[in-house]
There are 2 protein chains.
Amino acid sequence: MIDTELELLESHACFGGVAQRYQHVSASCQAPMRFSVFIPPHQSGDKLPVVTFLAGLTCTDETFMTKAGAQRYAAELGLILVAPDTSPRNTRIPGEDKDWDFGSGAGFYLDATEAPWAKHYQMHHYVTSELSALISQHFPMSSQRQGICGHSMGGHGALVCGLHHPEQYQSISAFAPVSAPSQTPWGQKAFSHYLGPNQNQWRWYDGLELLQDSAGTNHTPILIDQGRDDPFLEKELKTEWLGALRDDRLRLRWHEGYDHSYFFIASFISDHLAFHAQILRS
Amino acid sequence: MIDTELELLESHACFGGVAQRYQHVSASCQAPMRFSVFIPPHQSGDKLPVVTFLAGLTCTDETFMTKAGAQRYAAELGLILVAPDTSPRNTRIPGEDKDWDFGSGAGFYLDATEAPWAKHYQMHHYVTSELSALISQHFPMSSQRQGICGHSMGGHGALVCGLHHPEQYQSISAFAPVSAPSQTPWGQKAFSHYLGPNQNQWRWYDGLELLQDSAGTNHTPILIDQGRDDPFLEKELKTEWLGALRDDRLRLRWHEGYDHSYFFIASFISDHLAFHAQILRS
């Protein structure tokens, strides 16, 4: 039996709804996990669409909720927002806190297969299955209407989760995603430790590969925003490679002068939530 | 000669404008000081109204800019936003970092008269004179059109700065202000160390006293928002004492369920900026 007990850590009135933070024991990750949630104002009995936001390297479940200014739009649009943490924490795996781009805060939203990470780092299953079921059980969510969004490492996560589970996620969006992690340093470092040296195992978690492989079979609409002054664009993100696919599912917008920060996310999150709401409410 | 050189620490495109962070050597505080600023999209040659936001205990110049979601509204309304730090830092005054409610992060926006604080803790003069002049010199600001806003300790600061300088600030607003610091623990602790034991010296920095003293002579409009579930209301804020004055200048709004957090500020900052803009642009 899965322990679905939630411990409420914080609760704040916000834009007529409520912003909360919970901890629970994750069966997938065999560790306590935290997540943040925003429930918009609604009527008793309502079942609301939900957008899950996956944050980037070094972030926690709190980052998006405190920095993106998303609640105002979610309140207007009637969307539940969910933000998981970016990895398990305090697992006692040696070296888990040593690097900022690997281990704690850098779970890459995948299910690790290699020791010692495999025991706890099961973030893909956690996000797409366990957390989604937990939200559905405890909050007024319509499990038939889910979108997924993310930033940087979380943009990679949104592409991978969304493209592998079209029955679950009807809309995908990303800010400055790690678009081809098999070919860029953050991704290669993470994949080699979490998934091992066999690069055939990496393809399942590579947004660029997935977009190519799913052309014609998966029809989920994707919105991506990318700043042209993003310092990680050239070496880590390679967002232009997604654009080069000329994939009809993908709307890729370039923004002059914008960088990789939450000031960029805040500036365009309203468009992302409107994109998700338009699909999820149709 | 005052050294008005600004060192740019960060610059991010944001809502069509720019969010920046600067450091400079403050003549008032005889220390390096940091501030954050948002410049909305504007035409060359424009002179824009400015709202200075004073943050609360433990905050820095970054807190409001990252957590309040204010830039969207400032961009729409054509307002410059300025957020100073909450105290000088790294002054080498013994014990400056010992307490979270006194010293670093807790300058209380006053000009200290007591050793060892008086040398550096000159935040009232810094905010109302030095920083204001610096912004006017370096940014497209109309020095004739200034409003001041703040939260908690910064709400106290906004009331005191605004009420003492009606020629400078045409509008005042506050979230959950420390309304009567002479009579509440945070204020009494700070005032006794910064201003000494003579409570006659404290009156100049007490919002409740100032409102009473300036009735009929000062006509600056004041907007205050207060959450009814604010855990500091009963012991530290005493916002109801302001309401009890039945002062025509003051519009005090109570919000059921809201607490002391930035989720509260984010929920109502649009009303505050609209309030300031309506006065400053008239």
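A search of the whole structure finds two cavities of 30 Å³ or more, where a cavity is a set of points on a 1 Å grid over the protein atoms alone at which a 1.4 Å probe fits but cannot get out. The model is predicted, so local features need pLDDT of at least 70 and side-chain atom pairs count only at pLDDT 80 or more, while totals for chains, interfaces and linings use all residues. Residues are numbered from 1 along each chain as its sequence is written, chains are lettered from A and ligands numbered from 1 in the order in which they are written, and side-chain values use heavy atoms, with hydrogens and water left out.

The largest cavity holds about 60 Å³ of space, a volume being the space filled by probe spheres set on grid points that are joined across faces, edges and corners. Its lining, made of residues with an atom within 4 Å of a point, consists of B:Val50, B:Thr52, B:Val82, B:Val127, B:Leu131, B:Ser132, B:Ile135, B:Met141, B:Gln146 and B:Tyr169. Helix α3(B) contributes the largest share of this lining, four residues, and β4 (48-54), α3 (123-138) and β6 (141-151) of chain B each supply at least two; these elements are DSSP runs numbered from the N terminus, helices being H or I with at least four residues and strands E with at least two. By class, the lining of the largest cavity has seven nonpolar, three polar and no charged residues, where Ala, Val, Leu, Ile, Met, Phe, Trp, Tyr, Cys and Pro count as nonpolar, Asp, Glu, Lys and Arg as charged, and the others, Gly among them, as polar.

The second largest cavity, of about 40 Å³, is lined by residues of chain A, namely A:Val50, A:Thr52, A:Val82, A:Val127, A:Leu131, A:Ser132, A:Ile135, A:Met141 and A:Gln146. Two or more of these residues come from each of β4 (48-54), α3 (123-138) and β6 (141-151) of chain A, with α3(A) giving the largest share, four residues.

Strand β3(A) gives the most to the lining, with three residues.

The strand β3 (residues 31-39) of chain B is mostly covered, with seven of its nine residues buried, that is, under 20% relative accessible area, as against exposed at over 50% and partly exposed in between (1.4 Å probe, protein chains only). Strand β2 (residues 17-26) of chain B runs antiparallel to β3(B) and is joined to it by nine bridges, pairing being assigned if DSSP finds at least two bridges between two strands. Within this pair, B:Gln20 has B:Val37 as its bridge partner, and in the hairpin, which has four residues between the strands, B:Gln30 takes a positive phi near 45 degrees. Strand β3(B) also pairs with β5 (residues 80-84) of chain B, in the antiparallel sense over four bridges, and here B:Ser36 stands opposite B:Ala83.

Strand β8 (residues 222-227) of chain B is largely enclosed by the rest of the structure, because six of its six residues are buried. In a regular strand the side chains alternate between the two faces of the sheet. Both faces of β8(B) are covered, with B:Ile222, B:Ile224 and B:Gln226 buried on one side and B:Leu223, B:Asp225 and B:Gly227 buried on the other. Strand β7 (residues 169-175) of chain B pairs with β8(B) in the parallel sense over four bridges, B:Ala174 having B:Ile224 as its partner, while six bridges join β8(B) to the parallel strand β9 (residues 250-255) of chain B, where B:Leu223 stands opposite B:Arg251.

Back in chain A, helix α9 (residues 262-280) has a kink of about 50 degrees centred on A:Phe268, the bend at a residue being the angle between axes fitted to the seven residues ending there and the seven starting there. Since 14 of its 19 residues are buried, α9(A) is largely enclosed by the rest of the structure.

Note on methods
1 Å grid on protein atoms, 1.4 Å probe; cavity = no way out; pocket = protein on both sides within 12 Å on 5 of 7 lines; lining within 4 Å.
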